[in-house]
Every structure is written in C-alpha cells, then in structure tokens.
Amino acid sequence: MRATSANDLRLWYTRPPHSGAWDEALPIGNGRLGGMIFGGLRTERVQLNEDSVWYGGPRDRNNPDAYSHLEQIRKLILAGRLAEAERLATLTLSGTPESQRHYQTLGDLYVSLDSHSSLPSSYVRGLDLSAAIANVRYVINGAEFTREAFVSAVDQVMVIRFTCNKPGMISMTVRISRDRYYECVVKEPPSGLMMKGHCGGEGGVGFRVLVSALAQGGTTQLLGDNLLVDKADAVTLLVAAATTFRYADPENTCRSWVKAAASKPYEELRRDHIADYRSLFDRVSIRLSDVHDLELDADKGCTPEDLPTDQRLQRVRDGADDPGLISLFFQYGRYLLISSSRPGCLPANLQGIWNKEFRPPWDSKFTININTEMNYWPAETCNLSECHLPLFDLIERMREPGRRTARVMYGCRGFTAHHNTDIWADTAPQDIYLPATYWPMGAAWLCLHLYEHYQFSQDRDFLASVYETMKEAAEFFVDFLIEDSEGRLVTCPSVSPENTYRLPSGETGRLCAGPSMDSQIIHALFTACIRSSEILGTDEGFRERLIEMRERLPKPKIGRYGQIQEWAEDYEEVEPGHRHISHLFALYPGNQILRRQTPELAAAAKVTLQRRLAHGGGHTGWSRAWIINFWARLGEGELAYENVKALLAKSTLPNLFSNHPPFQIDGNFGGTAGIAEMLLQSHAGEIELLPALPRAWRSGEVRGLRARGGFEVDIAWSSGSLSRAVVRSRAGNIARVRYGELVCEFDTVAGCGYELDGELKLCCGQ
Ligand code: FUC
C-alpha cells in the first residue's frame, strides 16, 4: 500500500499566476471572509471578499399584475396558445424590477515588497488542504523568504505572515483599494489602515476593512493611504472586514477582532485555526490507488504527486489517468465548502465567496434551479453536516418574502420561490428569460435539503424545528396545482429548467403544464412531509391530504426514444444536448428512479443520459458533475469515471476551480459529491458499498463518508473488490448493507462500530 505523501493534500505551483491570472490564485476563507492569494514576487495581491458585500437593499419585486392574469395564462397554455401565454407571462409575472441584487468584490490588498530587486533562485507556492494555509517560498541572494496566509474562523481575521531566514529583510508598502467604489482609506494608528465604503443602492450595506501590521524589528509608519514597514525580521498582517448586514458598528467590530487577534502570538493564531479546521476536514480521508498503479517513471519512483498541480492537470487533459489528482479534487471540494459555508454565514453562492468583480457572472447569487442545491450535495455524504446550516438559515429567511410571493402572484398559501434568490432572500422571479424565469419550484427543492439533513443526522429535534417550513413549502402546491385533462395534478405555469420544446407544428415553447422535474420535486417534498409527520407523530390530516395528492401527480414516463420524458407530453427537445437534465431529478438527487426497484425507469434514465451526451451534453462544469452523480446512481462505474476525467480535463481551471466557463463553484461541489456517490450510496433504504467503482481505482480506501440512517462508513478495497468495511452507528438504527448482490442486515447500538469483511461477514462490533 502506498505511503501518503505531503503532496496528497496540496495544490502547488512553481511560478506565480501567468499575467496575474485570477484563476491561478489560491482561495482561502472562513465562510464569511475570503481571499485569493496570488503569490506575486514583488507584489502580493490578496483579492478580498466578505459574503455580505452585495449591492442594494431588500425590495418587494412581486409583479402586482400577476394574479389577475394567472387564470388567462393557464388557459392559454392548456389551449396550446404558447406565444400568447408567453407574452402575457413576460408582462405580468416578471419581477418588478426584473433582477435581484448582486454580490460584489470587497476589494484588494496590495503588498509591495520594496526590497525585492532581483529574481528568485527558486519559487514555490501552494495551498495545504490539511491545514487550510496558503504559502509562498522563494530564495533571493541566499535569503529564503516565506509567506503564509489563512483565514481564521476562530479569530475572524485573515492572517498573512511574511518571514525571512535573515534578519531585517522585510520591507513593504501596504495599500487597500476597491477601484472607484469606496469612500476613503484612513489611518488607524499606530500601524493600520481602515477602508470605509458603501456597496450602493437604497438600503445597501456599508462595509469596513481594517488591515493592521505587526512587525518584529524594523519600523512602521503610515503615510497617506499607505502602511509602510521597513527592515523588519517578520511581519504579520491582520485583515478584518465587516458590513452593516450583520453589525450595527462594523468599524468597531473590525477593531475588536484585530485587537483580540493581535494579542495572540502568531503561532497560537495558526494553531487555533488548524485545530478548528481539522475538526471538520479530518473526518474524511481518501486514497484511490496504489503506487504501482501510477508510477510515471518506475526507475526513479516518480509519481504524478511529484508534479506541480498545473502540470498534473495538463497530463489529465492529455488523456492520462491520475487517481491522486481526483482524490485531491475531491478533498478540495470539501476544503472549499468548509471555507465558504460555516454556521452563521451566508450559503456558498455561485462562486462560493471568491469573486473579483462588481457585476459578476449571473450576479454570483443563489441560482436555485440546480446550482445552489449542487453546492450542498457533498455536505452530508462528505461529513460536513454543519456546513449545510447556512443554507437552512437562508431558507428560513425566504419564508416571509416567499409567503408574499405565493399570495400576491398566485393567490396561494404557503411559501414559494423562483429560480434565484439573493442576500435578502428575494423570492420573486428573476430575469425576463422564458426558459427559466417562471418556475415556482425553488423553495420546494431547497426544503428537501432540510429532510436530507435529518436523514443523515437522525436529529429528531432538528426535524421538529423545520417541519413547519417544509409543510409551508408543500402547502403552496396544495393550492397551486391544477387538474389537467387526464385528472393529474400539475404545476402551471412552469418550465423545465432551462430547456425549450418543439410542437409537431414546429412552434417552440418554454412555458408548460407539469414538466417532469416539478412533479418529481413535489413527489419528494410531499414524501418528506408525510414521513416527517409520521416520525414526529403530528399533523395527520395534512399527511392524509398529501398522500392523496401525491397519488395524482404525473409519474415518470418513458418517451419515444426510450428516454425519461422531460415534459408531461412527449415533446421533441430543441436542444437535445442541453446542460440541464432536470427530468432526471428523480434519479439524483431524488430517489424515485432506482436501479433495483424500478429497472425500466433506470434503463430509460440511461437512454436519457446517452442522448444528452451524444448531443454535446455536460459542457458546463456543473452539468458534467451532475452526470457523474447520475452514472453513479445507475451503478455505471466506468461511465462515471469517464465523466470525472472529463470534468478535470475540460472544466477545471489551473487552481482546480470548476469552470462553467467562467469559474462557477458548483462543479467542484457536484464533482466531490459524485466521487463520494461512486463509493457509497444510501438513498434506496440500504447502505451500498462501492456501487460504481471504476477499474482505474484498483485499490484504495475511504474513511468517514456518511450514510442515511445515521451511519459513518469506512471502506477498503483491493484488486477491484471489497476487502473490509466499518459501519459506525450514530443513531442505533438497523444497518442493511449491500455489496453487489451480497446483503447483510444487523442491529446496531449508537456509538458502536461494526467491521465487515469482503463477503459482508460481520467480524466484530467495536
Ligand atoms: C443556470 C444555468 C447556467 C448557469 C446559471 C448560473 O441558469 O443554466 O448554466 O449555471 O444558472
């Protein structure tokens, strides 16, 4: 078995980013405060983010003309008069104004290293995922310079430390800037600068950024907007940022964080940060190969781990296998979730927290017709349950605006949201874009995450605390669903995100009644509410109602190509290789399509994927990531693996950020979830070991993945077969474990572990 190497958990490079490319800088963060570390030689640029730096305040954007035209829009859709329906919808259902708020960069910290006149004789920069620390190391004229940067969740500051092995060598000029979009930078004696500004827009947030230098030796002074350090032995920069979104007095909040951090020695800040981070990160370890699987040069014992990350990525682009890069990518997804989604923060947005722009792509907000949900797919399976909590806070905040949207737009009870939301939990439609805008399913899908959290944690108190939220999301559909000509209960108006269909007449349409994804999401939501009310022993009347309505939802249907139908009718798709594969929601993340219990539907799901892929599907990072999860659920290890490779080869940037293009973080999270799904599944009432193990991962081991029912699982395999598994029970439920056609079932005691051999024979309880 291969010994672990320091590079297993490290991204590293032997040069600074090409022409200062942002996609080559390395991300650090504590959920709220983030930085991109460039590692430049003469200037270190740290591009800064704070998760609540958004333009503008809350607004009521519900279109006042919606409800009075709803009936007519429905009639037009059901009569097939699509052009008229779509025109009326754009006028009366679109948000007023059409767009929600957008996320922004916080600015940049520039550290000019004044004494660096010659080029270094060696240079390496990296990101250590085992400690969540970025570092740079190089030698100039025999002096070795190092930098370390991390963002502490314990101390709420970014810490950047510059050292040299010779005394008096560190001189720097520090500036903070934000293009033209800030008020001022003021001196914060004795050795700090404070940036003050406002994101703009009525009710928008105000922000403060404080940078303070702690120098060992040398002198420090403030001149104009500059912080200067001269001939120090070492310098620690502490950066704090806060906004009025959370703090009445962000200025003093920054001061108190910096003051408290400054009173701790650097080593203590670092130690506390690492301990806190490791309490989450170390729960899962993974190894997908043995050394003989991957030696590049057998004589020299050289493996891909010995190559810088950009060169490894290039090898994979050139067609090489590199299981170690896949496990690094897997752990990077977990690192990114820990760094962008901690309790008390906003959820990870389209870019996590890392965004350099004032008007980022798609506003870098929360796109909830796939992207935000995908961000949280690894949260439970990859043992980062706490990182899921920010999403739940946002869902709670969406209830009030969502109730208003339900009432004002549709005359319904409950709460609803469309395909986006923002910092203010806005629930009115976003954009005037027919394939996406008029889709009332956002809240419903998000609420499934609440039930998912319960399924993994078995935390009954949590379930009790969110039951009303799930119920309210379901209540909306009790009122909203209409009966179609076959007596089925369908959504109308809606869309199948974000596809377009063609009628036999050649006419194309987006708006429709009962797209498959909607029925599947509602089926899952009703099921979650029904199960929850049983578990909690409440609400029998509502439960009965949902049971009855669930029966009348359209079931997944098989269409003319043998595919799962995307719409209630078997329409032709205008773009058969579309990136959204919404009608396979029931396969993943849902569980209405199961390869053992519903083999015909599973076969149709396979055809659906093959058709999408044959027409160029999977061309965005997130779409490719979803495909990995689908193949994993279908037990197709080789096809899942092919798509993992394609995700790395075609949709991954040099810093391993996923590429839509441009950078969008969902492909990282969806990819991590997909790799976990290849190794362990638990959505079908049993814990399945190695359900989609590809040949390329001949021998390996994963520890600490989680399964529904309150289990934690370790799996080891060699020569492609299971050698050993440990199932740790947290809730004392019965464990039903499957490996291929072998199944075993045993009682468990909470807190105990159970070891199984390769034949699923119980060896011992621990
Ligand atoms: C959805 C997708 C796009 C993109 C955007 C943020 O609209 O269709 O591909 O990911 O969200």
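**Entry 1: a sheet**

I started with an open sheet of four strands, which runs in the order β25-β26-β30-β31 with mixed pairing. β25 (680-681) and β31 (742-746) are the edge strands with a single partner strand each, so one side of each has no neighbour in the sheet. I noted the rules too: helices (H or I, at least four residues) and strands (E, at least two) are DSSP runs numbered from the N terminus, and two strands pair if DSSP finds at least two bridges between them. This is a predicted model, where local features need pLDDT of at least 70 and side-chain atom pairs count only at pLDDT 80 or more, while totals for chains, interfaces and linings use all residues. Residues are numbered from 1 along each chain as its sequence is written, and side-chain values use heavy atoms, with hydrogens and water left out.

Next I zoomed in on β25, which pairs with β26 (residues 687-689) in the antiparallel sense over two bridges. Which residue in β26 is the bridge partner of Gln-681? I found Glu-688 there.

**Entry 2: rings**

I looked up aromatic pairs, meaning rings of Phe, Tyr and Trp (its six-membered ring) with centres within 6.5 Å; planes under 30 degrees apart are stacked, over 60 edge-to-face, and the rest tilted. The count is 32 aromatic pairs. For Tyr-277 and Tyr-335 I read ring centres 6.1 Å apart and planes at 70°, so this pair is edge-to-face. Tyr-277 belongs to helix α4 (residues 266-281) and Tyr-335 to helix α7 (residues 323-340), so the pair ties together parts 58 residues apart in sequence.

Are these two tyrosines buried or exposed? Buried means under 20% relative accessible area, exposed over 50%, and partly exposed in between (1.4 Å probe, protein chains only). Tyr-277 is buried at 2% relative accessibility, and Tyr-335 is buried at 0%.

Both tyrosines belong to a cluster linked by ring pairs, which also includes Trp-22, Phe-281 and Trp-354.

**Entry 3: the largest pocket**

I then turned to the largest pocket, with a volume of about 950 Å³. A pocket here is an open set of points on a 1 Å grid over the protein atoms alone, where a 1.4 Å probe fits, with protein on both sides within 12 Å along at least five of seven lines; lining residues have an atom within 4 Å of a point. Of its 44 lining residues, the closest to the centre are Tyr-451, Glu-452, Gln-455, Asn-591 and Arg-708. Which helix gives the largest share of the lining? I found that α11 does, with eight residues.

Key:
Points joined across faces, edges and corners; volume = space filled by probe spheres on them.
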